[in-house]
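Reader: I would like to learn how to read a few features of a model. Please give the general idea, then the case at hand.

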Amino acid sequence: MSHPTPSGDRTASDRGEPPRRVKVGVGDLAVVNDGAVLMTSGLGSCVAVALVDPETDTRGLLHAMLPSADGTVSYTPRPAKYVDSGLETLVDELASAGGSPGRLEARLVGGAEMLDLTAAVGPRNVERARESLERAGIPIVASDVGDAVGRTVRFLPGGEVAVRAADGFERTL
Amino acid sequence: MRVDVRALGACNRLAERGAERAANALGELTGSDLAVEVTGASVATGEDLAEAFAGRESIGVRVGLDGGLEGAAVLAFDAEQIDGLLSVLPGGASMGRSAVTEVGNIALGGFLDGWANYLGRAIDMTPPRYFEADGAAVLPDGALAGDGVFLFESRLDATGTDLDFSIYMLPDSGPFRDLVVGKTATAATAGAEGAGGSAGGTTTTAVPYESLSTFASLAKRGSANAADNIGMMTGLETTVDVSRLRFVPLADVPSEVGTEPHAGTVFELRGEPSGYLAILFSEESAAAIAEAMLPMEPDEPLGEMAENALCELGNVMTSGFIDGWANVLGTSISHSPPEFVHDIGSATVSPLVASLSRRQDYGFVIDAAIRTEGVQARCDVYALPDERELAAVLERLSET
């Protein structure tokens, strides 16, 4: 799930190479500490939580589908499927990769109301992400959530998040 | 003979792990980051496979299996992708055949290790044999003659370079089917053990193998009905390219749909089974088919007029799709009014997947590509039925 490299390595940008790109799928998460770009595409009602420790540039990205594992029937434990369990796992993995949980900052993207058929999923995901982050004492420094638009996310070295919406609108958080 | 769809899920997980090992091995060989995009298990008849592989040239390796798993396994690359693969392998094109053989050997070895662990028995593998094959000749001997094989398909995607390809795994049908069945029986007595704890045996999801085949043919019939309805509505000639019933991790469905913009309609299905159905066109196809249906050229390619036309088309396609099921399954299935969608494809299906994911991790996906002649238009139909309800209906089907 994560792809950390041992700290002390020279990063790709130090060597003048384009940074490594790591894709994060639906219901998945990844952590990097080598200057790689974390990417996730096609965020609809799902929510992406991007966490960075700005001091070490240890970054992690979660792409969660549902708010909480409570009340669901599932036989395969897959923490990153849910906002609450995914966030816990992400913080643990960031700590193992050299990030300090006390220094983490969050950026929140997605949670769109894509379909009338399933309208409640997106807002519930965002609500749960806000609650879980508050409980963990992690401040949300920027967010781009809601509306009825799909988004693609690139989590850049340094902690900025580039968001491209399906209508072509781009912004950096 | 019964197959627990959850045991099939465990098999799928093994195939996924095998593909991950293959991706890691290829990543190390080529120096690029490879990710497994999608792994699915499909239940297909020989006839369906022959159709699906028609016109495709494959290059790969085959091995014979003995011990824990018998038969043959094949790993195939699309011939069109082979130059891309060779260009990133050590030795490049000059290594050709031996590089492919080595890659295939590593990937198949990884795949089978997972199976051997799961089965608790060693699997012997004959040395890999390189082949180049047209169409369905890629498949192991006997696959086309039987009433069905399990096909594992994984798509690998390189993030750094332009290199995408698929790996097909075709364990010999009969013995493999018995294994899934045998393992199901074991899982049922042993509780929720097995690969990653995901093979928990419950009677609610065990279905007779024969009705799984029946449902696969229903998928095909549904697509044909939908295509006929497009034809009647638009006067355009339509054909169904590929229609298969696949068993995939739900989380993989959005990436399979892809990140290109799509337009189309989404429906909620009510009845037995309930679920969702999405009919998705590329923007160009959506605009072309809408224009063909409208009496005059619309002001905007995908404006309100086109939206109404696509909703109407979606309605008749969906009716065609589910009528066939309801007849054969002996149940009543209705659908919601169409909801028009126009966004990134994967973002459109993610709420449907999220909704089903509350109760299941894997899903049956019926995908069909329907093509219209004369007007350049093509759409993909994704039917996502509730796993338990489908299993219950299939169970009843076998009793009648």
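Reader: How do helix α1 (residues 83–96) and helix α2 (residues 121–135) of chain A pack, at what angle and with their axes how far apart?

Author: Two packed helices are described by the angle between their axes and by the distance between those axes. In this predicted model, α1 and α2 of chain A pack at an angle of about 40°, and their axes are 9 Å apart. Angles from 65 to 115 degrees count as roughly perpendicular and those under 35 as roughly parallel; α1(A) and α2(A) are therefore oblique to each other.

Reader: Is the crossing of α1(A) and α2(A) left-handed or right-handed, and which residues make the contact?

Author: The crossing is right-handed. From α1(A), the contact uses A:V83, A:D84 and A:L87; from α2(A), it uses A:N125, A:R128, A:A129, A:S132 and A:L133. Sorted by class, the contact has four nonpolar residues, two polar ones and two charged ones.

Reader: Now a single residue. Where is B:S58 found, and is B:S58 buried or exposed?

Author: B:S58 is found in strand β3 of chain B, which covers residues 57–67. Buried means under 20% relative accessible area. B:S58 counts as buried because its relative accessibility is 3%.

Reader: Which residues does B:S58 touch, not counting those up to four places away in sequence?

Author: With that exclusion, B:S58 touches B:A76, B:F77, B:A79, B:F131, B:E132, B:A133 and B:V138.

Reader: What does the UniProt annotation "domain: CheC-like protein" cover in chain B?

Author: According to the unreviewed UniProt entry, that annotation covers residues 95–129 and 305–341 of chain B. The span 305–341 is 68% helix and 16% strand, and its end C-alpha atoms lie 14 Å apart.

Conventions:
Residues are numbered from 1 along each chain as its sequence is written. Chains are lettered from A and ligands numbered from 1 in the order in which they are written. This is a predicted model: local features need pLDDT of at least 70, side-chain atom pairs count only at pLDDT 80 or more; totals for chains, interfaces and linings use all residues. Side-chain values use heavy atoms; hydrogens and water are left out. UniProt positions are given in the numbering used here, feature names are shortened, and annotations may be inferred rather than shown by experiment. Helices (H or I, at least four residues) and strands (E, at least two) are DSSP runs, numbered from the N terminus. Axes are lines fitted to C-alpha atoms, for helices over the stretch in contact, and angles run from 0 to 180 degrees between N-to-C directions. Angles under 35 degrees count as roughly parallel, over 145 as roughly antiparallel, 65 to 115 as roughly perpendicular and the rest as oblique. A crossing is left-handed if the near helix is turned anticlockwise from the far one by less than a right angle, and right-handed if clockwise. Contact means heavy atoms within 4.5 Å. Ala, Val, Leu, Ile, Met, Phe, Trp, Tyr, Cys and Pro count as nonpolar, Asp, Glu, Lys and Arg as charged, and the others, Gly among them, as polar. Buried means under 20% relative accessible area, exposed over 50%, partly exposed in between (1.4 Å probe, protein chains only).
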